Amino acid sequence: MNWQPFRGNAPANMTIFSASFPDVSDQWPMKDDTAREIAVLDRALKAEPALRPPLIEFEEGGQAVLVPQNRYSEQAYRNRPALEAWRTRLVPTALALFVVQNPLEDRLPEGTKMDSDSRQWFIHANDAIGVRSRAKVLSALVEKYIHNESENNWVSLASGAAIPVLEALRNAKLDGQQVYLTLVDKDPVALRWAETMAAQEGLTVGEQLTLLRRDLVHTLVRNEDLLLELGDHQAELVDALGIFEYFNDADAAIFLQRALRLVRPGGAVIVSNMLTSSPQIDFTLRCIGWEHIFPRSLQQLQDIHLAADVPVENVTVIVPKDGVYAVMEVRA
């Protein structure tokens, strides 16, 4: 990984780096053409801020149907059946991220065959690249907290199918027998996928792997049930790459405070948040129509960790070169 000083706007006292990672989109045929096509849609939407994202409506019988509310969404979904199936059947579940993390798969998790035009967007859309790069940041940070010479407890909050977690274990060449992994998510389908993929890494339920179906809003933000269940200061590492931006500022501060209580002294919580400066944010939110989130500036992220009583010297922020997400390493 190539760490560099961050060149963008940031609070003066924030420790922040930019980072570069290889990606499947590098040197891929049609990369420039696809990037230009998406950029045109993003610029058009930025010029018309009143345009609304597509709706998902349900027909009699429960089938989801995508209803574009602007001509750019209509253009985006035309002749991209896998993209439409992804948006109507998988978003906002954790398996939606499986597709952008694994864009070379022949089919979506629910069975739809991947078409070429959809695949190009899952590979080259800036947000898809950002999802993959934030996982690589996690992988780079893991080695600071998880070590082969001792037993380790790792808790993944809103883990989904745990693809970044398992990728980090593999890339760090960590001994799976020394890692006790707890995956927490409200989606039973994602947890079943996680169980299957973890088994391929030698992690089995009841031994190195625990699966907890829990709603973090109800068990960690509104009350402390998950803290009581897992215990204070039991984990070397807690990650929450995919949930922070779904909380408002007040709930995000509570979440961070309580996630830190899971961590032993010397450990860390790692979270990520889409940046307000994300280069294709209008394409992602108003053309494709991702679910409602709270994109944040670096200053807003600092305000949240200060509200959670985390001092600035305990936080390092990494922004990959794609500029989509900020990843916060918050040390206990």
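Helices (H or I, at least four residues) and strands (E, at least two) are DSSP runs, numbered from the N terminus. On that basis, Ala 162 falls in the loop between strand E5 (152-157) and helix H7 (163-171). The model is predicted, so local features need pLDDT of at least 70 and side-chain atom pairs count only at pLDDT 80 or more, whereas totals for chains, interfaces and linings use all residues. Residues are numbered from 1 along each chain as its sequence is written, and side-chain values use heavy atoms, with hydrogens and water left out.

**Backbone geometry**

- Most residues other than glycine have a negative phi, and most peptide bonds are trans.
- The peptide bond from Val 91 to Pro 92 is cis, its omega being near 5°.
- Pro 92 is located in the loop that links helix H3 (81-90) to helix H4 (95-101).
- Ala 162, although not a glycine, has a positive phi of about 65°.
- Ala 162 is buried, its relative accessible area being 1% (buried means under 20% relative accessible area, exposed over 50% and partly exposed in between, with a 1.4 Å probe and protein chains only).
- Asn 79, likewise a residue other than glycine, has a positive phi, near 65°.
- Asn 79 sits in the loop between helix H2 (71-77) and H3, and is exposed at a relative accessible area of 60%.

**Surroundings of Thr 112**

- Thr 112 belongs to the loop between H4 and helix H5 (116-124), where its relative accessible area of 16% makes it buried.
- The side chains of Thr 112 and Glu 110 are joined by a polar contact of 2.8 Å (a pair of N or O atoms within 3.5 Å; within protein, one must be able to donate a hydrogen and the other to accept it, and residues adjacent in sequence count only if both atoms are side-chain atoms).
- Apart from neighbours within four places in sequence, Thr 112 is in contact (heavy atoms within 4.5 Å) with Pro 81, Ala 82, Ala 85, Arg 89, Asp 106 and Arg 107.
- Between Thr 112 and Ala 82, the C-alpha to C-alpha distance is 6.2 Å, with a separation of 30 residues in sequence.

**Surroundings of Ser 25**

- Ser 25 is placed in the loop between strand E2 (15-20) and helix H1 (31-47), and counts as buried at 2% relative accessibility.
- A 2.8 Å polar contact links the side chain of Ser 25 with that of Asp 23.
- When neighbours within four places in sequence are set aside, the contacts of Ser 25 are Lys 31, Ile 123, His 124, Ile 129 and Arg 132.
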